Amino acid sequence: MASSLARLGAALPRARPLAAARVLPPGLGRWDAAELGAPRRAALNARRCQVHSDVKVAPTSDLKDGSKSESWRIKMLYDGDCPLCMREVDMLRERNKSYGSIKFIDISSKDYSPDDNQGLDYETAMGRIHAILSDGTVVTDVEAFRKLYEEVGLGWVYAVTKYEPVATMANAVYGVWAKYRMQITGRPPLEEILASRKAADECKDDKACRM
């Protein structure tokens with residue numbers, strides 16, 4: 001009987017010893033123990049805040065069109081009174097927010113200055129599109145579009161216009177558009193616009209013109 005019990009006892013699985021319970025100091029409850037870790041956690045959080053506060057953010061001087069005040073690579077001279085032209089300008093301006101390489105110059109603005117733009121006066125700039133590279137080089141027609149598109153990651157659009165006979169054909173098509181764009185967009189002839197601007201300039205200091 002005893003031997004049978006001994007064999008039965010040997011066959012039974014042995015109970016695992018209980019893990020040693022964490023002994024708290026006398027008079028210290030569970031919640032008191034949790035509070036002991038509070039200073040350590042507070043110190044850790046303070047260190048994290050210090051790390052974030054040490055991060056320096058460089059000041060920017062971005063203009064609303066996305067170009068930096070001194071980092072532009074090309075100027076686009078555009079007619080702000082041309083509704084069809086503005087669709088393309090707005091698209092390029094939106095793209096430029098990610099590149100900051102184009103500086104947009106509205107030639108129809110009263111603040112437009114030929115002296116700041118390689119001597120290009122309003123009449124000349126209205127005749128066809130002009131762009132000015134950062135080194136002062138003036139480019140026109142399809143080449144201007146190609147340079148502008150390249151600066152905002154869309155160079156592939158006009159890439160084929162680098163080669164003949166496509167270049168000549170593209171410039172010919174653009175020339176027709178430039179010649180008739182005033183009529184196409186429902187605006188007065190350029191001669192009338194020039195006369196109106198001239199009269200407005202002459203009346204700036206003339207009280208009789210304001211009556």
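A search of the whole structure finds 7 salt bridges, a salt bridge being a side-chain nitrogen of Lys or Arg within 4 Å of a carboxyl oxygen of Asp or Glu. The model is predicted: local features need pLDDT of at least 70 and side-chain atom pairs count only at pLDDT 80 or more, whereas totals for chains, interfaces and linings use all residues. Residues are numbered from 1 along each chain as its sequence is written, and side-chain values use heavy atoms, with hydrogens and water left out.

| Salt bridge | Closest N and O atoms |
|---|---|
| Arg187 with Asp79 | 2.6 Å |
| Arg93 with Asp90 | 3.3 Å |
| Lys162 with Glu150 | 3.7 Å |

Arg187, in the loop between H8 and helix H9 (190–202), and Asp79, in the loop between E1 and H4, are 108 residues apart; helices (H or I, at least four residues) and strands (E, at least two) are DSSP runs numbered from the N terminus. Arg187 counts as buried at 14% relative accessibility, and Asp79 is buried at 5%. Here buried means under 20% relative accessible area, exposed over 50% and partly exposed in between, with a 1.4 Å probe and protein chains only.

Arg93 and Asp90 are 3 residues apart in helix H4, so about one helical turn separates them. Lys162 lies in the loop between helix H7 (155–158) and H8 while Glu150 is in helix H6, so this pair ties together parts 12 residues apart in sequence. Lys162 is partly exposed at 46%, as is Glu150 at 34%.

The largest nonpolar core has 23 residues, of which Met76, Ile102, Phe104 and Ile129 touch the most other members. Such a core is a set of buried Ala, Val, Leu, Ile, Met, Phe, Trp, Tyr and Cys residues joined through side-chain atoms within 4.5 Å. H6 gives this core its largest share, 5 residues. With 8 of its 11 residues buried, H6 is largely enclosed by the rest of the structure.

H8 supplies 3 residues of the patch, and Ile184, in helix H8, is exposed at 51%.
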